[in-house]
Amino acid sequence: MDGRYRIRPATDRDLAEVVAIEQGAFSDPWSEESFRSLLTHHAFVVVVNDREIVGYVFGVGVEDVGEILNVAVAHAHRQRGIGRALVEHARHSLVRSGVRQVFLEVRESNAAAQALYRTLAFELVGRRRRYYQQPLEDALVLKWVKGRGKGT
């Protein structure tokens, strides 16, 4: 990710752009209200040239367990390290809040995301059958543990 991009906390004013990216990235997109309900947690956007939102990550933490709930990058800005930077940023934010392990789900067919998460020391720990609805597909459950691998 080059210097034109900056990660900052997400705000209510960002949600229209977040939802637009979400709708372009996923076949079963979240609603604006779903994102709004998470703004007080670990919610970040990436802006380019201090104007346009091109990606986001939303996560939550409870005691020592965190979860990255949603992450996406606009199609035109993929393959530039933005997704990696978002996941790392959310993970660091969660760790600063006391989290020692972070979970996430990924579509079984999303090989690119799985490869990214492996490079960030996430490991396969389970499967949620028929988790995704459109199209119907299993989710792989991945886990990162503080002190193991990259990003410790």
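Helix H3 (residues 82-96) lies across S1, S2, S3, S4, strand S5 (101-107) and strand S7 (136-145), and runs at about 155 degrees to S4. Helices (H or I, at least four residues) and strands (E, at least two) are DSSP runs, numbered from the N terminus. Angles run from 0 to 180 degrees between N-to-C directions, with axes being lines fitted to C-alpha atoms, for helices over the stretch in contact; contact means heavy atoms within 4.5 Å. This is a predicted model, in which local features need pLDDT of at least 70 and side-chain atom pairs count only at pLDDT 80 or more, while totals for chains, interfaces and linings use all residues. Residues are numbered from 1 along each chain as its sequence is written, and side-chain values use heavy atoms, with hydrogens and water left out.

The seven strands form an open sheet with mixed pairing, in the order S1-S2-S3-S4-S5-S7-S6. Strand S1 (5-9) and strand S6 (123-133) are its edges, each pairing on one side only; two strands pair if DSSP finds at least two bridges between them. From one strand to the next, the twist averages 25 degrees.

Strands S2 (residues 42-48) and S3 (residues 52-62) are antiparallel, paired over seven bridges, and Phe44 has Val57 in S3 as its bridge partner. S3 and S4 also run antiparallel, joined by eight bridges, with Tyr56 opposite Ala72 in S4. Two residues separate S3 and S4 in a hairpin, where Glu63 in the turn has a positive phi of about 55 degrees.

S4 and S5, by contrast, run parallel and are joined by three bridges; Phe103 in S5 is the bridge partner of Glu67. The β-α-β crossover from S4 through H3 to S5 is right-handed, that is, clockwise along the path from the first strand over the helix to the second, with the strands pointing away from the viewer.
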